Amino acid sequence: MTPRARLVLFLVGVSGLVAFIVWGLAGVPAFGRYRGPYGYLVDALAIHQTHATGIVSAVNFYYRGFDTLGEEFILFVAAVGVATVLRTLRDETEGSPGADDERAAGRLATPTSETVRTSALAFTGPVLVVGWFLTTHAQTSPSGGFQGGVVMASAVALVYLAGHYVVFKRISPVDLTETVEALGAGGFALLGIGTLVVGAPFLADVLPLGAPAGAVDASGTIALISFFVGVEVVAAFVLILDEFLEQTIVVRSRR
Amino acid sequence: MTTLEVLVLVLVGAGAAVVVATRHPVRQVVLLSMYGAVLMVLFLVLQAPDVALSELSVGTVVLPLLLLLGLAKVGGSRT
Amino acid sequence: MSIFPYLVVVWVAACGLYGIVTSRHLVHQIISLIVLQSSTYVLFMAIGFRTAGVAPYFSDIPRDTLTVDPVVQALALTDVVVEAAVTALLLAFAVQAKKRFGSVDPQELRQLRD
């Protein structure tokens, strides 16, 4: 099918799709007139039931904790999938990354400027601390395991920018990253099963709730689940980054 | 609907069209990073700071980094 | 005028679809897929918005303030992070396609398969 015919067919199809979607969305309540009862119910009950002031995290890790477990497993499988798809094939060799690793790989990359190196070095520590703060404060303010994990992973990426690939490899060997990722995902699942063992529903909040709502040790399992999720997200993204960097810098074709 | 909301929604629509219309992959990655920033502003205006934080860290830092690494391996100078 | 956010959602989704269909480079296709996914985040936020509502965090506001819907925010939040990992998986496939078939043009790849 020629590209022109494909384009014409696409325009016909998408105009039909757009017509149907607009027809459907015209029946939704007007923008700004949210009617749904579930949101108001969660607002009224969440602080009393979970002692958490961050309602979005309470919904994520307690009221809909099972969905979050599923999404975390998607993340886990995607990271493992990247590691599997980008494994070294039979007709490839892994060169050793020396000090001139970027140039040895055949890429005409200019050497990293001193400004980039210094500012990346200066920012690595604060970004790591901010990511840790976000991971452990899910129940108080707009934070949570997912955001904190991504911020911490970008701190690890800053290490690669600030130095050589060898330094990045030394702080994130693949065995360690994969173990940490498994611990994060497994910890979340085991926490859910643990609540089953004591006789409560799956992922119910059985730990002591803590007195003032929104304190750092409040809301029982929510803070703990957020911590495990943060650990798993960091490990997954560092693993993905590591695989891609390895492909670009180290792996070379034998042909 | 306030002017701010209308303005940011128009920017989002324009940003999406611009990102798709660019054919050179490396330029498209930079434009994607800016589109992520505009989306973050939309989420802030719609009172969702959590989602804005996620979109900022993922769409502005992690996704363009991974895409550029992939492009370095694949070669992005042609269409 | 209050249907305008939903029109923007449909426009962004149509842009993403157009990019996927008429693409000549696998990475361009992946980026168009990202644009398509972002239209669903905008749809979530538009559905949950309430005029004069604030963000659903009660650490510094009185307990009975009117807020926007927290449930759709929870959905969109995990969505954003997980789709980044799935995009990385797609990118890994693109890298392997280049190594195996020598081309990243989706229309050329289709012919190579036969």
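Trainee: How many helices and strands does chain C have?

Mentor: Keep in mind that this is a predicted model, where local features need pLDDT of at least 70, side-chain atom pairs count only at pLDDT 80 or more, and totals for chains, interfaces and linings use all residues. Residues are numbered from 1 along each chain as its sequence is written, while chains are lettered from A and ligands numbered from 1 in the order in which they are written. Helices (H or I, at least four residues) and strands (E, at least two) are DSSP runs, numbered from the N terminus. From that end, the elements of chain C run α-α-α-α, and the count is four helices and zero strands.

Trainee: What radius of gyration does chain C have, against that of a compact globule?

Mentor: The C-alpha trace of chain C spans about 65 × 35 × 15 Å along its principal axes. The radius is taken over C-alpha atoms, and the globule rule is 2.2 Å times the number of residues to the power 0.38. For 114 residues a compact globule would come out near 13 Å, but chain C has 19 Å.

Trainee: What share of chain C is buried?

Mentor: A residue is buried if 20 or more other C-beta atoms, placed from the backbone, lie within 10 Å of its own. Among the 114 residues of chain C, buried ones make up 56%.

Trainee: Which element of chain A gives the largest share of the side that touches chain C?

Mentor: Two residues are in contact if their C-beta atoms, placed from the backbone, lie within 7 Å. This contact takes 47 residues from chain A and 38 residues from chain C. On the chain A side, the elements supplying at least two residues include H1 (3-25), H7 and H10. The largest share, nine residues, comes from H4(A).

Trainee: And which one leads on the side of chain A that touches chain B?

Mentor: Here 18 residues come from chain A and 15 residues from chain B. Two elements of chain A give two or more residues, helix H7 (145-162) and helix H10 (221-249). The largest share, seven residues, is from H7(A).

Note on methods:
Buried ≥ 20, exposed ≤ 12 C-beta atoms within 10 Å, placed from the backbone.
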